[in-house]
Amino acid sequence: MSDRIFGVFGVLLAIGFAIAASQIKESFLSDAVGPKAFPYIIATVLGLSSAVMALRPDPEPIWPPFAQFAEIMAAAVVMILYAQLLPEIGFVIATAFAAAYLSWRLGSGIIGACLTGVGTSVGIYVVFHLVLGLSLARGPLGF
Amino acid sequence: MDTFSNLADGFAIALTWQNIGLALLGCFLGTIMGALPGLGPSNGVAILIPLAFTLGLAATPSLILLTSVYYGAMYGGRISSILLNIPGDEPAMMTCLDGYPMAQKGYAGEALSLSGIASFVGAFFATWGLIFLAPQLVKIALLFGPAEYFALFALAFMTLGGVSSTNQAKSAFAAALGLGLAMIGVDSQTGVPRFTFGEVHLYDGLDFLVAIVGLFALSEVFIFLENRHGKSDAKGKKLVIGRLTPPLSMLKACTPTMLRSSFVGFIAGVLPGAGASLGSFLSYSLEKRMVDKDKSFGTGDPRGVAAPEAGNNAAAGGALVPMLALGVPGSGTTAVLLAVLLSLNITPGPLLFANNPDVVWGLIAALFIANFMLLALNIPMVGLFTRLLLVPPRVLMPVVAMVSFVGIYGISGSSFDLLVMIGFGLMGWILRKFDVPLVPIILGTLLGNTMENNLRRAITIENGDWWTLIDSPLAIGLWIVAIIGFILPLIFGRKVKSGMQRRDEEGALTD
């Protein structure tokens, strides 16, 4: 069933891709093929392969129970927050929190997670910024 | 001979203190990444590309670093196969079959050192193969026009799923998805924006490094988050290594096996759609059929350890041939290495050999150096690597995630790229659930624009005649190979796959 849904989604994606391709404004200076032709070919392959998937599905994949699904979403949210806050609060603090969170969710205890977080953050800062001179996001505290 | 003077020049380039240091670092990191379950060669190289890039290394040093990682990961994969019966990466799967039983019988040290030597032999001969075969392939590639290149790209996509692919629809879907993603951005020929939806950040197109790191490294983190309850850590097992040198008689018995397997692996690496996993599978099966008279394969026969290791390392070298000579990678990791070249503004292919011989020969010399270093690292220091195996994922994975973020942020300094990377990470996780291969997506984003340019150039030269695509015998030949390569797995895919799995079960049963 999953494959059928995925296949239908793929067909819709292909149609959407083709529509978006048809919206491309052609320049007055165009080559013989133009910017639309190759996207149409891609949309065709995408649509056909999705249709095959929908019609001949593989055995059902093992979906995680809701709790683990939420786990992954939560991790993604933390990463998104990390990406947004990185320029605001600086590399070291943001990274320590993000790494500690991931470590906690992967099964560390609270103290272990904090140590992993701080260790990862300071370790990366020392190796990549202080030793190798890579510029990392600078926060209000200067690191 | 010309080849040897080129090679000597290559050694002159590679033998600087900086390059030797980078090769050593790469070998060390690569072995670790190969050994740790969950971080394979593609992941390892993917995480390190942005770093090599942002550190401002020149082309040859970055290549030396990353190919050392690549070779190192091929060596490292065997360590966890032998000690824990968990393949560190996919090509090392076959090494479990005889390596783990050997370790259980108390010959772990012998198995490790023997497989180290087998890896060396495989990689050594494959590098020689690369030296002699790549220039020949370049001569053929010089005959290619845009139409032939378009056919060649199509061939690469159609065979990438490999002979063991069970669902070609999913491979095709992945390739189309990757190509579609490559279309995002301003069209290079006419200057009109495509699929940008007015978002200025997308005008430059998606950075393929962002896609690679997201799809490979971050999706791995998500997989670990999902599975953390099910998987047991590698802890609690006592690792007895024993003596670290194989007896001479064992080496002698394995020498013909190693040589045959190197040859088979190299061929498997060069051919499109085979790659290292198939290389080790084929060499193991062949050896089993040829020398296994007393049915000792699967119960800890040293030859069963030597064969797949020589095979997969030879395949790793072989896979570099089409990547360097044609610019078309045949496997996941070489696709990632292609990304390295492209991000350094080097276009592989025949012109690379003519215009940047220093890069090519420096790289080849570096492969030899890395290979000797790996042998030196892997025999006496294997104990260190086995201890690193005990780093639990709950410490390792946050580090992997954060290093990925640092690398991508270092390139562009924009949060937008990080968000795109997270998006790719989630997409990678979902696609893995559906068993959709990720490598064609990467290859699509890498080659999409070049492929389109070749198509448009070919047709523009012929004033809009699409039949030019199948006009020359060379192009027709390439299309035929592509179609056969696409159809063959439909017939044999399940058979090969079940062959691989059955052997896996056999190995499990004999424990």
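In this predicted model, helices H4 and H5 of chain A pass each other in a right-handed crossing. Helix H4 of chain A covers residues 91-105 and helix H5 of chain A covers residues 110-131; their axes come within 7 Å and cross at roughly 140°. An angle over 145 degrees would count as roughly antiparallel. H4(A) and H5(A) are therefore oblique to each other. On the side of H4(A), the residues making the contact include A:Phe91, A:Phe97 and A:Trp104. On the side of H5(A), they include A:Ile110, A:Val118 and A:Tyr125.

A second pair in chain A can be described in the same terms. Two packed helices are described by the angle between their axes and the distance between the axes. H1(A) and H2(A) have axes 7 Å apart and pack at an angle of about 165°. That angle makes H1(A) roughly antiparallel to H2(A). The crossing of H1(A) and H2(A) is left-handed.

Chain A is divided into two domains: domain 1 takes in residues 2-55, and domain 2 takes in residues 66-131. Taken over C-alpha atoms, the centres of domain 1 and domain 2 of chain A are separated by 38 Å.

Next comes the meeting of the two chains. On chain A, 56 residues are in contact with 52 residues of chain B. Five helices of chain A each supply at least two residues to the side that touches chain B: H1 (2-22), H2 (37-55), H3 (66-89), H4 and H5. H3(A) gives the largest share of that side, with eleven residues.

What lies inside the structure? The largest nonpolar core has 215 residues. Those with the most contacts inside this core are B:Leu66, B:Leu152, B:Ile212, B:Val213, B:Ala339 and B:Ile442. Helix H5 of chain B, residues 93-141, gives the most to the core, with 24 residues. Domain 1 (2-55) and domain 2 (66-131) of chain A both give residues to this core, so the core lies between them. In soluble globular proteins, nonpolar side chains tend to be buried together.

Leaving out residues up to four places away in sequence, B:Val213 touches B:Ala46, B:Ile47, B:Pro50, B:Leu218, B:Ser404, B:Gly407, B:Ile408 and B:Met421.

Chain B also has a helix pair to follow. Helix H2 of chain B (residues 17-35) packs against helix H14 of chain B (residues 357-378) at an angle of about 55°, and their axes are 9 Å apart. This makes H2(B) oblique to H14(B). The crossing in which H2(B) passes H14(B) is right-handed. Among the residues that meet there are B:Ile20, B:Leu24 and B:Phe28 in H2(B), and B:Ile369, B:Met373 and B:Leu377 in H14(B).

How far apart are the C-alpha atoms of B:Ala12 and B:Gly362? B:Ala12 and B:Gly362 are 350 residues apart along the chain, and their C-alpha atoms are separated by 7.8 Å. B:Ala12 has 13 C-beta neighbours inside 10 Å, so B:Ala12 counts as partly exposed.

B:Ser331 is in the loop between helix H11 (302-326) and helix H12 (332-343) of chain B. Is B:Ser331 buried or exposed? B:Ser331 counts as buried because 32 C-beta neighbours are inside 10 Å. From B:Ser331 to B:Gly423 there are 92 residues in sequence and 24 Å in space, C-alpha to C-alpha.

Most residues other than glycine have a negative phi, and most peptide bonds are trans. B:Asn345 is not a glycine, yet has a positive phi of about 65°. B:Asn345 is found in the loop between H12 and helix H13 (350-355) of chain B. With 7 C-beta neighbours inside 10 Å, B:Asn345 counts as exposed. B:Asp435, also a residue other than glycine, has a positive phi near 65°. B:Asp435 is in the loop between helix H17 (415-433) and helix H18 (439-461) of chain B. B:Asp435 has 13 C-beta neighbours inside 10 Å and so counts as partly exposed.

Methods
Residues numbered from 1 in each chain as written. Chains lettered and ligands numbered in written order. Predicted model: local features only at pLDDT ≥ 70, side-chain atom pairs only at ≥ 80, totals over all residues. Core = buried A, V, L, I, M, F, W, Y, C linked by C-beta atoms within 7 Å. Buried ≥ 20, exposed ≤ 12 C-beta atoms within 10 Å, placed from the backbone. Helix = DSSP H or I, 4+ residues; strand = E, 2+ residues; numbered from the N terminus. Domains from an automatic or database assignment. Contact = placed C-beta atoms within 7 Å. Axes fitted to C-alpha atoms, helices over the stretch in contact; angles between N-to-C directions. Parallel < 35°, antiparallel > 145°, perpendicular 65-115°, else oblique. Left-handed = near helix turned anticlockwise from the far one by under 90°.
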